[in-house]
Amino acid sequence: MVKLNSIEQKELKKAYRMHRKGFLPTFLKYLDRINPIFESFKRFNDFYNHPDLYMYWITLDGIAVGEIWIAVSNDTAKLARLFVLKEYQNRGIAQQAIRIAENLFPSNKRWWLNTIKEEKNNCHLYEKMGYISIGNEKKINKRMTIIEYEKRIE
């Protein structure tokens with residue numbers, strides 16, 4: 001069973017290490033300098049202490065298999081970060097995590113995110129979850145383009 005559990009202050013070093021492990025394959029594929037693996041622990045801690053950012057473990061049967069971060073502002077929420085460790089991918093975990101996250105913030109009627117356009121599985125996941133590309137794209141390097149998606153909840 002997939003659940004989201006708040007990351008606690010005492011778990012930050014573990015979360016930071018998992019975060020770096022989760023995003024390393026993306027860096028090795030795209031060689032981008034905006035990858036979260038370049039963030040210092042201090043910056044990671046600053047994110048944790050931001051009052052409008054919520055950091056969760058994605059757990060499967062009690063085992064931490066990824067993280068999801070949600071930033072909220074008024075009636076808008078951003079899926080700020082989401083990853084599932086490679087060995088747990090393609091099991092529907094991210095889809096369940098997104099659904100749970102959206103239910104945690106029912107007053108947020110607009111959800112949005114950025115993802116890598118070249119990651120067809122990610123784009124497919126978000127589109128399957130009701131997110132629509134709104135056309136905003138930013139070329140990072142010759143391998144990678146960031147694309148923006150949004151979802152409106154009535």
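The charged end of Lys14 sits over the ring of Trp57, 5.1 Å from the ring centre. This is a predicted model.

- Seven strands make up an open sheet with mixed pairing, in the order S1-S2-S3-S4-S5-S7-S6.
- Its edge strands are S1 and S6 (132-141), each of which pairs on one side only.
- On average, neighbouring strands of this sheet are turned by 25 degrees against each other, direction ignored.

**Strand S2 and its neighbours**

- S1 (residues 2-6) and S2 run antiparallel and are joined by five bridges.
- Eight bridges pair S2 with S3 (residues 63-73), again in the antiparallel sense.
- S2 and S3 form a hairpin with two residues between them, and Asp61 in the turn has a positive phi of about 50 degrees.
- S2 is largely enclosed by the rest of the structure, because seven of its eight residues are buried.

**Strands S4 and S5**

- S4 (residues 76-84) and S5 run parallel, with three bridges joining them.
- Trp111 in S5 is the bridge partner of Ala77.

**Helices on the sheet**

- Helix H2 (residues 41-49) packs on the sheet and touches S2, S3 and S4. The direction of H2 makes about 100 degrees with that of S2.
- Helix H3 also packs on the sheet, where it touches S1, S2, S3, S4, S5 and S7 (144-152). The direction of H3 makes about 55 degrees with that of S1.

**Aromatic contacts**

- The structure holds 10 aromatic pairs.
- One of these is Tyr54 with Phe105: the ring centres are 5.2 Å apart and the planes stand at 55 degrees, so the pair is tilted.
- Tyr54 lies in S2 (residues 53-60), while Phe105 lies in the loop between H3 (93-104) and S5 (110-116), so the pair ties together parts that are 51 residues apart in sequence.
- One aromatic cluster is formed by Tyr16, Phe41, Phe44, Phe47 and Trp69.
- Phe41, a member of that cluster, has the charged end of Lys13 over its ring, 4.7 Å from the ring centre.

Conventions:
Residues numbered from 1 in each chain as written. Predicted model: local features only at pLDDT ≥ 70, side-chain atom pairs only at ≥ 80, totals over all residues. Heavy atoms only, no water. Phe/Tyr/Trp six-rings, centres within 6.5 Å; stacked < 30°, edge-to-face > 60°. Helix = DSSP H or I, 4+ residues; strand = E, 2+ residues; numbered from the N terminus. Lys NZ or Arg CZ within 6 Å of the ring centre and 35° of its normal. Buried < 20%, exposed > 50% of the residue type's maximum accessible area, 1.4 Å probe, protein only. Pairing = 2+ DSSP bridges. Axes fitted to C-alpha atoms, helices over the stretch in contact; angles between N-to-C directions. Contact = heavy atoms within 4.5 Å.
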